[in-house]
Amino acid sequence: MKSIFFLLFILMLSSCSGNSDVERNCNFLLDINVQVSIDLNLPQYGQLAFAGNSVYIPNVGNAGVIVASTGADFFAWDASDPNHAPNDCSAIIPNGLNGSCGCNDGNTYNFITGTPQDNDGLRCSLRNYRIEQNGSILNIFN
C-alpha cells in the first residue's frame, strides 16, 4: 500500500513541473525597472502620431524601448531580442510595425503582438511594457 502512495506521489511531482522548455529558454532578459515618459509633441516622437510607425528610445530597459503606434493604440516593447543572450547585435531595429535584430539570423518581431514573424523555432516573444497616455504624454513602465 505504501508503494502505491509513493508511486502516485512521484507521478504527481513529475506531472506538475512548473518550468517548461519555453520558460527556461526565455530568461535572457534582465528584469529591469522601466519608467520613462515621452512627449508626442517633440519632433523625435512626432511620427507616432501616424499609424504604422515606431520609434526607438535608447538607454531604457535591456537594450532600449520600442514604441509602436497603430493610430488608435500604442504598444511598448523591450528592444532586446528575447531569443538571444544580450550582445552587440541583439538590439531590435524598428521598421514600421516590425523590427529585426542585427544578428545573422535576423529574428523579426511584430510590434502589435510582440511575437516572432517567422516562427522558425523562436520560442520567446518580446517583453511588453505598459503604457498610459495623458494628453500628449506617454508614460511607459512595467
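Analyst: Gladly! Let's begin with the link of Cys-89 and Cys-103, which is right-handed, with 90° about the S-S bond. Please keep in mind that this is a predicted model.

User: What makes Cys-89 and Cys-103 a disulfide?

Analyst: Their sulfur atoms are 2.0 Å apart, and the cut-off for a disulfide is within 2.5 Å, so the pair qualifies. Cys-89 sits in the loop between S4 and strand S5 (92-95), and Cys-103 in the loop between strand S6 (98-101) and S7, so the bond ties together parts that are 14 residues apart in sequence.

User: Are Cys-89 and Cys-103 buried or partly exposed?

Analyst: One of each. Buried means under 20% relative accessible area; Cys-103 has 11% relative accessibility and therefore counts as buried. Cys-89, at 27%, is partly exposed, because that class lies between 20% and 50%.

User: How many disulfides does a search of the whole structure find?

Analyst: The search finds two. Besides the link of Cys-89 and Cys-103, there is one between Cys-26 and Cys-124, with sulfur atoms 2.1 Å apart. Counting bonded cysteines along the chain, the pattern is 1-4, 2-3.

User: Why is the disulfide of Cys-26 and Cys-124 called left-handed?

Analyst: The torsion about its S-S bond is about -105°, so the disulfide is left-handed. Cys-26 lies in the loop between helix H2 (21-25) and strand S1 (35-39), while Cys-124 lies in the loop between strand S7 (108-110) and S8, so this pair ties together parts 98 residues apart in sequence. Cys-26 has a relative accessible area of 28% and is partly exposed, whereas Cys-124, with 2%, is buried.

User: Which strands does S8 pair with, and how do you know?

Analyst: Pairing takes at least two bridges between two strands. Strand S4 (residues 74-78) and strand S8 (residues 128-134) have two bridges and pair in the antiparallel sense; there, Trp-77 has Asn-128 in S8 as its bridge partner. S8 is also joined to strand S9 (residues 137-141) by five bridges, again antiparallel, with Asn-134 standing opposite Ile-137. S8 and S9 form a hairpin with two residues between them, and Gly-135 in the turn has a positive phi of about 65°.

User: What makes Ile-66 count as buried?

Analyst: Its relative accessibility is 1%, and buried means under 20%, so Ile-66 belongs in that class. Ile-66 is found in strand S3 (residues 65-69). Beyond its neighbours within four places in sequence, its contacts include Ser-54, Trp-77, Ile-92 and Phe-111. Ala-79 is another residue in contact with Ile-66; their C-alpha atoms are separated by 5.8 Å, although the two are 13 residues apart along the chain.

User: What about Ser-54: why is it called buried, and what does its side chain reach?

Analyst: Ser-54, in strand S2 (residues 53-57), has 9% relative accessibility and therefore counts as buried. Its side chain reaches the backbone oxygen of Gly-96 at 2.6 Å, and polar contacts are counted within 3.5 Å. Leaving out residues up to four places away in sequence, Ser-54 touches Gly-96, Pro-94 and Phe-111, among others.

Terms used: Residues numbered from 1 in each chain as written. Predicted model: local features only at pLDDT ≥ 70, side-chain atom pairs only at ≥ 80, totals over all residues. Heavy atoms only, no water. Helix = DSSP H or I, 4+ residues; strand = E, 2+ residues; numbered from the N terminus. Buried < 20%, exposed > 50% of the residue type's maximum accessible area, 1.4 Å probe, protein only. Contact = heavy atoms within 4.5 Å. Polar contact = N/O pair within 3.5 Å; in protein donor to acceptor, adjacent residues only side chain to side chain.
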